[in-house]
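Here is a colleague's note on charged and aromatic side chains, written to be read alongside the structure. Please keep the 3D view open and look up each residue as it is named.

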Amino acid sequence: MTLALFAHPFSSYCQKVLIALRADDTPFDYRMLDGQHPDNMAELRQRWPFGKFPLLVDDGETVAESTPIIEHLQARHPGPNRWIPDGDAGRRTRFLDRFFDTYVMGNMQKAGNDILRPADKRDPYGAELARVELNLAYDWLESNLGDGPWAIGDAFTLADCAAAPSLFYADWIEEIGPKRPRLAAYRARLLAHPIVSRAVDEGRPYRAFFPLGAPDRD
Ligand SMILES: N[C@@H](CCC(=O)N[C@@H](CS)C(=O)NCC(=O)O)C(=O)O
């Protein structure tokens, strides 16, 4: 086995990479990051001092950050999916990947994780701004997403890998709601995708850890 992924099933960025690995049927060794596998956490920190996951190790080479991990998979272990197409479609894919990571996932984490800080280190103003920006992101997507089925059209790409977990969890923080039918339908299509649904199911036992409580909206 040359590929190992250090990951936890409830982590949104890990789900993003797991979706790509499994959609391509790429074999890998799942290095679970939990209390029962302290050696995995120790190796993660030794390879990547930030301790952030997912982390891919390919034949000894460490690859950090979900987007470069998927780019690495496409370059070194290509499967049936082309995660970043050529030309304009590829530029749109990269842009939407950034959009979902920054404006959806980033604001979802900012708004949700504030509660995990010690009481005297919280930033309610920052958390509120994150909620405002999350709603702006929803509105932008509602106006700018195409008719699908996927983010850039018919092909399932890197942008959808980023969109699936970010929209799944963000809706728990700020509901997308009936005012955004196009975005809500896209989230529902993503969640109905068997590979996405597997990732969501694997995270299900950990829902109690969701900082503001998990409303079970899937
Ligand atoms: N920008 C990174 C973010 C990775 C990230 O923030 N992962 C979270 C889990 S979803 C994490 O490592 N949290 C633990 C920590 O920050 O210590 C990526 O795209 O992979």
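**Notes on side-chain pairs**

1. Y169 has a relative accessible area of 3%, and therefore counts as buried, since buried means under 20%. Please bear in mind from the start that this is a predicted model. The residue F168 counts as buried as well, because its relative accessibility is 1%.

2. A second aromatic pair to look at is the one between F95 and W140, whose ring centres lie 5.6 Å apart and whose planes stand at 75°, so that the pair is edge-to-face. This pair links distant parts of the chain, with F95 in helix α4 (residues 87-113) and W140 in helix α5 (residues 124-144), 45 residues apart.

3. Are F95 and W140 buried, exposed or partly exposed? F95 is partly exposed, because its relative accessible area is 39%, and W140 counts as partly exposed at 27% relative accessibility. Both residues also belong to one aromatic cluster, which is formed by F95, F99, F100, Y103, W140 and Y186. In the structure as a whole, the count comes to 15 aromatic pairs.

4. How many salt bridges does the structure hold? The number is 19, and one of them joins R187 to D171, with the closest N and O atoms 3.6 Å apart. That pair links distant parts of the chain, since R187 sits in helix α7 (residues 181-192) and D171 in helix α6 (residues 158-173), 16 residues apart. Both R187 and D171 are buried.

5. The salt bridge between K121 and D120 has its closest N and O atoms 3.9 Å apart, which is within the 4 Å cut-off. Here K121 is exposed, and D120 is exposed too.

6. R204 forms a salt bridge with D201, and the closest N and O atoms of this pair are 2.8 Å apart. R204 counts as partly exposed because its relative accessibility is 36%, and D201 is likewise counted as partly exposed, at 40%. Elsewhere, salt bridges that share partners join K16, D97, R98 and D101 into one network, which a reader may wish to trace in the 3D view.

Conventions: Residues numbered from 1 in each chain as written. Predicted model: local features only at pLDDT ≥ 70, side-chain atom pairs only at ≥ 80, totals over all residues. Heavy atoms only, no water. Salt bridge = Lys/Arg side-chain N within 4 Å of Asp/Glu carboxyl O. Buried < 20%, exposed > 50% of the residue type's maximum accessible area, 1.4 Å probe, protein only. Helix = DSSP H or I, 4+ residues; strand = E, 2+ residues; numbered from the N terminus. Phe/Tyr/Trp six-rings, centres within 6.5 Å; stacked < 30°, edge-to-face > 60°.
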